[in-house]
Amino acid sequence: MSSVQTSHQAVDVQGLWKIFNEGSNNEVTALSDINLSIKPGEFISLIGPSGCGKSTLLRVIGDLTDATRGEVFIAGETAHIAREKQLYGIAFQQAALFDWRTVRRNVELPLELQGLGKKERRERALELLELVQLSDFAEHRPWELSGGMQQRVAIARSLAVDPPLLLMDEPFGALDEMTRERMQNELLRICQETGKTIIFVTHSIPEAVYLSDRVVVMSPRPGRITHTVPIELGERNEDTRETDTFYAGVTAVREALRGRSTSASPSRIEEF
Amino acid sequence: MSTQTAVQSRRTGRFSGIWPPILIAVLFLAAWQIFVVARDIQPYLLPAPSLIVTNFFTDLSLMWAAAFYTGTTAFLGLVFGTVLGLVMALLASRFIVVNHLVTPLAAGLAAVPIIALTPILNNMFNITSRTPRVLVTMIIVLFPMFVNVTRGLLQVKPVQLELMRSMNAHPRTTLKVLRIPNAIPFFFTGLKVAAPLAVIAALVAEYFGGPQEGLGSRIASAAANTAYGRAWAYVVASIITGLIFYLVVVAVEKWTTPWTGRTQST
């Protein structure tokens, strides 16, 4: 992974709380005292059962919802400024493409909002479509593409303004297993080519282990980080999913999710 | 609509396309003709199709003029009603207060009995002009346009709104880039209801005095003169006018919004 070039962390979350309906009877603590530092170029997965606040955490980092207490910095800027400066791109479980635009013009959207000229926009979009291997579909409409292809368009769009950070909320959650594994390889290739920092929300333990440098395990009621599991798989290839290190990682994350401080590799897991 | 037809034609093979409805219509008209002739039904009860057709062609030039007059009223009412409906929908989607104010108002307008309104408008405005008729048509058109377009502007996927926010989009940009395109299929749904309705409104508004050039006036005067074949011929001309309005909307929709009616992407 790329070395730290700036003095800032890619993402720095400090003492973050998110409480819905604070003070009323139906108060829900979605996030409680979250602290998380992410180095530039690092791939982090957030994993945990439904309701553990992983999507909420992603949304607070993206300034799509406010923090109740605590602070979020992206490359040294507050989350709000970071959003204004477009320091991150985002991809959701739904591709959320606009049916009235061609694939190319969907990728152009963030550039259009930045006021980039027509020609530059077009060139950049075609470049990105090449990166996600959809050059042949530039002038197609989104509905003509399969779910996996739509998701690749969404990823291309999230990369459009070349942000240092990508936020991904279960982007492969709706895909079948084969497509999913192919997309995971694609994503790792794109990461290597672009050196992005990634926060990736997922339900899938193997997915988290395969993709990440660190898996952040969360637990619900209140949503909090319980463990951080470092993964050292090195260069991923077709056989990686068959290796003992991979299985060890899967076991470690599973144990962490069960709330045990695991016998698999106790020394490597930081407990909170 | 287009995809539906396409799917059906694949499924039903030779019972598809334009011929089955034409065949049914021909059979129906033949049965009608035979029934009227065999039972010796009087024209004031039910004129034979042959009589209607004869009248249709003898009166053709007058009929053209009448259809043109009523069609113009309908078109003007449709344009004004649509523009007003769009403006109201834009305001209602932008300002929740306006939404609360305008929606009951629009519903109230929809409940206005056009028949009761026409004589009043005839008194308020110059009865010899087209104005009261255009106003009646406009009111009829307003409601389906307002309701449909408002829904289209507001029914945006939450994830698409989050995307716009992540890109730091101003509400005005979101309106332009997301809400308005999203509302276009809804706009056409409204227009497909409103267009034939505009013809009916323009026609019925003629029953309450004023210039006698339109289809409605002709139907009324023919019936009053016991010229039932001619009355029915004008009814046919009215149906054709309404259909033309509808088909023009369908054609414009097909041409401008190729993405409607397709399987939605996720």
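Good morning. In chain B of this predicted model, the C-alpha centres of domain 1 and domain 2 lie 29 Å apart. Domain 1 covers residues 1-41 and domain 2 covers residues 50-256, with bounds that come from an automatic or database domain assignment.

Some conventions come before the details. Residues are numbered from 1 along each chain as its sequence is written, while chains are lettered from A and ligands numbered from 1 in the order in which they are written. As this is a predicted model, local features need pLDDT of at least 70 and side-chain atom pairs count only at pLDDT 80 or more, whereas totals for chains, interfaces and linings use all residues.

Let me turn to confidence. The model scores ipTM 0.86 and pTM 0.81. For single residues we use pLDDT, the predictor's confidence in each residue, from 0 to 100. Chain A averages a pLDDT of 87, and 93% of its residues score at least 70. Over residues 1-6 of chain A, however, the pLDDT is below 50, and this stretch has 11 contacts in the model beyond near neighbours in sequence. Residues 262-267 of chain A also have a pLDDT below 50, with 11 contacts beyond near neighbours in sequence. By contact I mean that the C-beta atoms of two residues, placed from the backbone, lie within 7 Å. Chain B averages a pLDDT of 85, with 91% of the residues at 70 or above. In chain B, pLDDT stays under 50 over residues 1-11, a stretch with 9 contacts beyond four places in sequence. Where pLDDT is low, the predicted coordinates should not be read in detail.

Next, the make-up of each chain. Helices (H or I, at least four residues) and strands (E, at least two) are DSSP runs, numbered from the N terminus. Chain A has 8 helices and 11 strands, whereas chain B has 11 helices and 0 strands.

The C-alpha trace of chain B spans about 75 × 55 × 25 Å along its principal axes.

A residue is buried if 20 or more other C-beta atoms lie within 10 Å of its own, exposed if 12 or fewer, and partly exposed in between, with C-beta atoms placed from the backbone. On this count, 45% of the 272 residues of chain A are buried; in chain B the share is 35% of 266 residues. Among contacts in chain A with a separation of 6 or more, 67% are between residues 24 or more positions apart. For chain B, 77% of the contacts between residues at least 6 apart in sequence join residues at least 24 apart.

We now look inside chain A. Two strands pair if DSSP finds at least two bridges between them. An open sheet of 4 strands in chain A has the order β2-β1-β4-β5, with antiparallel pairing. The edge strands β2 (28-38) and β5 (77-78) each have a single partner strand, so one side of each is left without a neighbour in the sheet. Strand β1 (residues 11-20) is joined to β2(A) by 7 bridges, and A:V13 stands opposite A:L36 in β2(A).

Elsewhere in chain A, strand β6 (residues 88-91) runs parallel to β7 (residues 165-169), joined by 4 bridges. The bridge partner of A:Y88 in β7(A) is A:L165. From β6(A), A:Y88 and A:I90 point one way and A:G89 and A:A91 the other, and all are buried.

How many of the 11 residues of helix α3 (residues 103-113) of chain A are buried? The count is 8, among them A:V103, A:R104 and A:L111. Their cover includes α4 (118-131) and α5 (147-158) of chain A. After α3(A) comes A:G115, whose phi is positive, near 85°.

Finally, the meeting of the two chains. Here 18 residues of chain B are in contact with 22 residues of chain A. On the side of chain B that touches chain A, α8 (158-166) and α9 (171-204) of chain B each supply at least two residues. The largest share, 6 residues, comes from α8(B). By class, this side of chain B has 6 nonpolar, 8 polar and 4 charged residues. Ala, Val, Leu, Ile, Met, Phe, Trp, Tyr, Cys and Pro count as nonpolar, Asp, Glu, Lys and Arg as charged, and the others, Gly among them, as polar. Thank you.
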